[in-house]
Amino acid sequence: MSHRTMLTAAALAVALTGCAGAQERTPAVELETFTSAEGGFSVSVPVGWDRDGQFPYAIDDAVHGVMLEGPKGEGGAAVKIAVLRYAGTGTIDGADDYIGMVLFNPTRLDADTDPELEPIEVAGIEGRTFGFTKFELVILPHKPPDLPPGVIAEFRPPTRQVTMKVRYVVLPAGRGFWSLRYEAPEDLVAEYAPLFEAVVASFKTLSK
């Protein structure tokens, strides 16, 4: 165990926002239990949020779990929560390799600084948590131009760059690992950080 104080799931809202009173702004969100037998876990997730089955780094490893998109901020980017299990049977060489892949993100706005990897204990498992700032390009409403018959052209739709705050919790899981991720635009990060805290606190492993 690190000599530093082990964080608890209850400290995530403060880590994300720097505000101990963030829970006072938590919206009322109903939760339901999501169980992944393949991923070996259960977790409480928001009801009614859109699910995305395109898991990141799925070409590098077997991935099971859930990815959700919720409310959108003023810039059009959505709050996102994901709980995924990477089996450790692919090309990702464990949690350290995964963390390095995550941090080597071309959309990071703070790539010139190394985020601190803080120890955290979730469901009796000692892992690490870290955060960074990135941007997301949101496609704006537009109408593609009408082209004459036979004309082929590349059209790039207009976009807006939205600043996002990201928080990861990475837990070892045998050969693989679990990845719990929170991502939100700046105008919603404090509002939904306690929701991610609740998701993390609900995480449970399934007995084999």
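Predicted model: local features only at pLDDT ≥ 70, side-chain atom pairs only at ≥ 80, totals over all residues.

Trainee: OK! Which residues touch the most other members of the largest nonpolar core?

Mentor: That core has 29 residues, and the ones touching the most other members are Val43, Val83, Leu171, Trp178, Leu180, Tyr182 and Phe203.

Trainee: And which elements each supply at least two residues of this core?

Mentor: Strands 2, 4, 5, 6, 8 and 9 do, along with helix 3. Helix 3, residues 189-202, gives the largest share, with 7 residues.

Trainee: Why would residues like that end up together?

Mentor: In soluble globular proteins, nonpolar side chains tend to be buried together.

Trainee: Let's zoom in. What does Val83 touch?

Mentor: Leaving out residues up to four places away in sequence, Val83 touches Phe41, Val43, His64, Gly65, Val66, Ser179, Leu180, Val199 and Phe203. There's also another core apart from that one, with 18 residues, including Tyr86, Ile92, Val102 and Tyr168.

Trainee: New topic: how do strand 1 and strand 2 run, parallel or antiparallel?

Mentor: Antiparallel: strand 1 (residues 31-36) and strand 2 (residues 41-46) are joined by 6 bridges.

Trainee: Which strands are at the edges of the open sheet?

Mentor: The sheet has 3 strands in the order 1-2-10, with antiparallel pairing. Strand 1 and strand 10 (204-205) are the edges, since each pairs on one side only. Strand 2 is joined to strand 10 by 2 bridges, and Phe41 has Thr205 as its bridge partner there.

Trainee: What packs on that sheet?

Mentor: Helix 3 does, touching strand 1, strand 2 and strand 10. The directions of helix 3 and strand 2 make about 160 degrees.

Trainee: Last one: how many helices and strands does the chain have?

Mentor: The chain has 3 helices and 10 strands. From the N terminus the elements go α-β-β-β-β-β-α-β-β-β-β-α-β.

Trainee: And how much is buried?

Mentor: Buried residues make up 45% of the 208 in the chain. As for the surface, the chain exposes about 11200 Å², with carbon and sulfur atoms supplying 52% of that.

Technical notes:
Residues numbered from 1 in each chain as written. Heavy atoms only, no water. Pairing = 2+ DSSP bridges. Helix = DSSP H or I, 4+ residues; strand = E, 2+ residues; numbered from the N terminus. Core = buried A, V, L, I, M, F, W, Y, C linked by side-chain atoms within 4.5 Å. Buried < 20%, exposed > 50% of the residue type's maximum accessible area, 1.4 Å probe, protein only. Contact = heavy atoms within 4.5 Å. Axes fitted to C-alpha atoms, helices over the stretch in contact; angles between N-to-C directions. Areas by Shrake-Rupley, 256 points an atom, 1.4 Å probe, with all protein chains shown as cover.
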